[in-house]
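This note is intended for a colleague meeting the structure for the first time.

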Amino acid sequence: MKVFNHSKELNALKNKLSAKSIGLVPTMGALHKGHITLVEKALSENELVIVSIFINPTQFNNQDDLKNYPKTLESDLLKLKALENNIWVYAPEVSDVYSNSVTSKEYSFGLLESTMEGAHRKGHFQGVATIVQKLFEILKPTKAYFGEKDFQQLQIITSLVKQEQIPVKIIACPIIRHEDGLAMSSRNTNLSDKQRAIAPIIYETLQKAVALKEENSLEQIEIWITDFFNKHPEIELEYFTVAEEKTLQKVNHLNGEKTRAFIALKLGDVRLIDNVKF
Ligand code: AMP
């Protein structure tokens, strides 16, 4: 395993190596099994795998959230080292990626961006697209791996690649969960013991919603979810939306298109998201 803080050094070595396939796994660190599964998939499909570890400032609409985001570079490197050795880690400083202008580029993602995470975190996806495009331009991967945990992000990146005609194949990877059903997330480490004990309720509720769909309208299910979380004062529901996978637009009736149920909520200060096929 090699660790680079500067893209210049990484690219100098990469040019000498001339690997036929390069898989990129962009992360913000605090690595868990969800990330490792992406890395393992990339290892199985590419000669060289680059894992970027970079907490991207432009995708945070809340400075406290950025400040509190877990930072565990040393243990992240140990986790990656335990895998195969054809992994390169790109862990840059902000200046190596953004020079001296730490701003988002302006993109137009239309309706894909105006709903759910885009609506609740203003500017978030502009920042995500900016960093992902930069990483694609710097590292020139053949394939890039993203988790369905951030399903809306996946659709935004797919749209980005199309719009900007970037020659990279986007690979979607399924959500990895803890045994109790909680979707793995770097943010879980910020939960108190009490909050962590409550958190499996998120996936349980999504599953219950799926079970209810046989005999209830979507409106009834939405009311049930809202009432359910109203009875849990430690949880603040931001949204529960059943939407088409492709367009991410909310559906009021199941129409035969592929749909997912998406949820975002806060447990204390920790904001968590999840989704399931619906
Ligand atoms: P992050 O470090 O949170 O920006 O995540 C980096 C990548 O890992 C993104 O493509 C995420 O969607 C993916 N990821 C995070 N958590 C999970 C999970 N539990 N299962 C699958 N992929 C995940």
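1. Which of the 17 residues around the ligand come nearest? The model is a predicted one, and in it the nearest residues are His 35, Gly 147, Asp 150, Ile 176 and Met 184.

2. Three of these residues may be examined through their polar atoms. In the side chain of His 35, an N or O atom is 2.9 Å from an oxygen atom of the ligand. For the side chain of Asp 150, the distance from an N or O atom to an oxygen atom of the ligand is 2.6 Å. Met 184 is placed otherwise: a polar backbone atom of Met 184 is 2.8 Å from a nitrogen atom of the ligand.

3. Attention may next turn to Asp 65, which has its place in helix α3, residues 63–68. Leaving aside residues up to four places away in sequence, Asp 65 touches Phe 60, Arg 121 and Arg 187. Asp 65 and Arg 187 are 122 residues apart along the chain, and a distance of 10.0 Å separates their C-alpha atoms.

4. How do the axes of helix α7 and helix α8 cross, and at roughly what angle? Helix α7 spans residues 124–139 and helix α8 residues 151–163; their axes come within 10 Å and cross at roughly 55 degrees. The crossing is right-handed.

5. On the α7 side, the contact is made by Phe 125, Val 128, Ala 129, Val 132, Gln 133 and Phe 136. From α8 come Gln 152, Gln 153, Ile 156, Ile 157, Leu 160 and Val 161. By class, the residues of this contact of α7 with α8 are 9 nonpolar and 3 polar, with no charged residue.

6. The second pair consists of helix α10, residues 201–212, and helix α11, residues 218–230, which pack at an angle of about 155 degrees with their axes 10 Å apart. That angle makes α10 roughly antiparallel to α11, since the term applies to angles over 145 degrees. In passing α11, α10 makes a right-handed crossing.

7. Which residues make the contact of α10 and α11? Helix α10 supplies Ile 201, Thr 205, Lys 208, Ala 209 and Leu 212, while α11 supplies Ile 221, Trp 224, Ile 225, Phe 228 and Phe 229. The residues of the contact of α10 with α11 comprise 8 nonpolar, 1 polar and 1 charged.

Notes: Residues are numbered from 1 along each chain as its sequence is written. This is a predicted model: local features need pLDDT of at least 70, side-chain atom pairs count only at pLDDT 80 or more; totals for chains, interfaces and linings use all residues. Side-chain values use heavy atoms; hydrogens and water are left out. Axes are lines fitted to C-alpha atoms, for helices over the stretch in contact, and angles run from 0 to 180 degrees between N-to-C directions. Helices (H or I, at least four residues) and strands (E, at least two) are DSSP runs, numbered from the N terminus. Angles under 35 degrees count as roughly parallel, over 145 as roughly antiparallel, 65 to 115 as roughly perpendicular and the rest as oblique. A crossing is left-handed if the near helix is turned anticlockwise from the far one by less than a right angle, and right-handed if clockwise. Contact means heavy atoms within 4.5 Å. Ala, Val, Leu, Ile, Met, Phe, Trp, Tyr, Cys and Pro count as nonpolar, Asp, Glu, Lys and Arg as charged, and the others, Gly among them, as polar. A residue is near a molecule or strand if one of its heavy atoms lies within 4 Å of it. A polar contact is a pair of N or O atoms within 3.5 Å; within protein, one must be able to donate a hydrogen and the other to accept it, and residues adjacent in sequence count only if both atoms are side-chain atoms.
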